[in-house]
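Colleague: I am new to this structure and would like to learn how to read it. Could we take it feature by feature?

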Amino acid sequence: MTFRTRPTCRLCEAALPQTPSLELEPTPLANEFLSEAQRAELAREHDGKQELFPLVLYTCAQCGHVQLPVIVSPTRLFENYVYVAGTSPVFVDHFRRYAMAMIDKVGLTPGDSVVDVGSNDGTLLRFFKEAGMSVVGVDPAREIARQATESGVPTIEGFFSPSLVDPIRARLPAGKPVSLVTANNVFAHADDLHSIVDGVKALIADKGAFVFEVSYLVDVCEKTLFDTIYHEHVSYHTVEPLIRFFRQHGMTLFDAERIDTHGGSLRGYARAGLPDEGSPGHKRVMDLVALERRLGFGPGVDRPLQELQAKIRALGAKLTGRLEGLKRAGKHVAVFGAPAKATTLMYQFKLDGNVIDFVIDDSPMKQGLLTPGTHIPVVPSDALYSRKPDYAVILAWNFADPIIKKHRAYLDQKGTFIVPIPEYREVSQP
Ligand SMILES: [Zn+2]
């Protein structure tokens, strides 16, 4: 076994229920793209098949936290991680605005210290550095951490925990607590959130703030963003269980807001001490709790996830019915975009080499490789024009509009884009 299944809730440690709230098709790890050589090795040693992992969510009956209890070795998931934030202009812009908003909100001034957990290539920290702050990043991806350090953002290679507090402090001006710790997605990706929060608390002491972004389960359910469920992503946060979790650590979730990233995310703000019940931030937190209760989220309640399961089934029937019809008519179909989430959707709806001719991705690091499990070749976007697929299913749906805009010429040559999520739509030349 190369994974284990935790029996208890990641936030409150209560035993998880026997039955899952949501069951998806098992998938390979979403970022395990293969080279031809690796595929040949797989054929010799493992029957040609990549290992599949169960993809099931459980709702804690005590605190309401929704989670994937399947834990794959983090080294396997993240050490050779290829995602580099700075290669995507959309994310660079997101991080620039994020840094400016945090400087304003937390009241940072030149000379303050900022730590980013899961700092990737240092894109976010660079904006704080330019504003005169001392910065340190932490990231487990060896090569990316090395490059970030070389480019001027000191980055410690590793998984953040209390054991990194001293090495981080050693790289910052002495004698002052850290003013801001940020964590984007790490708070949804790490199994041991207690250890992360203990480390954060030691860094920020009584003064600083902890700000994190995670995908928001309310958006996942409302917009059928089920493909954001994959094995790197183990926590599907709502606000109410987090309030209790931070309180358990002597901290307060003092503000929370919904943001657009990844189709719908939550940005949470925590600090040491008790809540300021009269503050506008506290009111925003309570408004989100009220929304979650109204929608039926809560301890031991499965309704929103059962509704999501039904919506996935309906979307699957529509998309696969359409693609089968196109295949029968002799049409060629490609996929546009090979983000991690594409693996979940392709397995759930059986989009394999029988249906999809090739997969387009703009990342040079993925081109020339084969998709996880389905082993479909990944090629650059000029294939839209040289190989002229009749249909291209956009699985990087959060970038659907810029992709369609950039590839008007594909529509001019009578190509059709299919965007399955959040609302199924087809885009072609009128
Ligand atoms: Zn719980």
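Modeller: Start with burial: a residue is buried under 20% relative accessible area, exposed over 50%, and partly exposed in between (1.4 Å probe, protein chains only). Helices (H or I, at least four residues) and strands (E, at least two) are DSSP runs, numbered from the N terminus. This is a predicted model, where local features need pLDDT of at least 70, side-chain atom pairs count only at pLDDT 80 or more, and totals for chains, interfaces and linings use all residues. Residues are numbered from 1 along each chain as its sequence is written, and side-chain values use heavy atoms, with hydrogens and water left out.

Colleague: Which residues of α5 are buried?

Modeller: In α5 the buried residues are Ile-144, Ala-145 and Ala-148. Viewed down the axis of α5, they fall within an arc of 100° (taken from the directions from the helix axis to the C-beta atoms), so they line one face of the helix. Their cover includes β7 (134–139) and β8 (155–157), where contact means heavy atoms within 4.5 Å. Just after α5 comes Gly-152, with a positive phi of about 105°.

Colleague: How should I read a salt bridge?

Modeller: Side chains of opposite charge can pair when their charged atoms come close. The rule used here asks for a side-chain nitrogen of Lys or Arg within 4 Å of a carboxyl oxygen of Asp or Glu. By that rule there are 25 salt bridges.

Colleague: Which residue does Arg-146 form a salt bridge with?

Modeller: The partner of Arg-146 is Glu-143, with the closest N and O atoms 2.6 Å apart. Both residues lie in helix α5 (residues 142–150), 3 residues apart, about one turn of the helix. An α-helix has 3.6 residues a turn, so residues three or four places apart point the same way. Arg-146 has a relative accessible area of 41% and is therefore partly exposed; Glu-143, at 40%, is also partly exposed.

Colleague: Where do Arg-6 and Asp-191 lie in the chain?

Modeller: Arg-6 and Asp-191 meet through their side chains in a salt bridge (3.0 Å, N to O). This pair links distant parts of the chain, 185 residues apart: Arg-6 is in the loop between β1 (3–5) and β2 (22–27), and Asp-191 in the loop between α7 (186–189) and α8 (193–204). Both Arg-6 and Asp-191 are buried. They also belong to a network of salt bridges that links Arg-4, Arg-6, Arg-10, Glu-13 and Asp-191.

Colleague: Asp-255 and Lys-105 also meet in a salt bridge. Why does Asp-255 count as buried?

Modeller: Asp-255 counts as buried because its relative accessibility is 2%. Lys-105, at 37%, counts as partly exposed. The N to O distance of this salt bridge is 2.4 Å.

Colleague: What coordinates the zinc ion?

Modeller: Donors are N, O and S atoms within 2.8 Å of the metal (3.2 Å for Na, K and Ca); water is not among the atoms, so sites may look incomplete. Here the zinc ion is coordinated by the SG atoms of Cys-9, Cys-12, Cys-60 and Cys-63, at 2.3 to 2.4 Å. Along the chain these donors follow the spacing C-x2-C-x47-C-x2-C. Cys-9, in the loop between β1 and β2, and Cys-63, in the loop between β3 (53–59) and β4 (66–67), are 54 residues apart, and both are buried.

Colleague: Why is the arrangement around the zinc ion tetrahedral?

Modeller: Four donors count as tetrahedral if all angles lie between 85 and 135 degrees. The 4 donor atoms around the zinc ion subtend angles of 99 to 115°, which makes the arrangement tetrahedral.

Colleague: What is the strand order in the open sheet of 4 strands?

Modeller: Strands of a sheet pair through backbone hydrogen bonds, either parallel or antiparallel. Two strands count as paired if DSSP finds at least two bridges between them. The order is β2-β3-β4-β11, with antiparallel pairing. β2 and β11 (235–236) stand at the edges with a single partner strand each, so one side of each has no neighbour in the sheet. β2 and β3 pair over 4 bridges, and Leu-24 stands opposite Leu-55 in β3.

Colleague: Is the pairing of β14 and β17 parallel or antiparallel?

Modeller: β14 and strand β17 (residues 391–394) pair in the parallel sense over 4 bridges, with Ala-334 opposite Ala-392 in β17. From strand β14 (residues 333–336), Val-333 and Val-335 point one way and Ala-334 and Phe-336 the other, and all are buried.

Methods
Four donors count as tetrahedral if all angles lie between 85 and 135 degrees; four count as square planar and six as octahedral if opposite donors are over 155 degrees apart and all others between 65 and 115; anything else is irregular.
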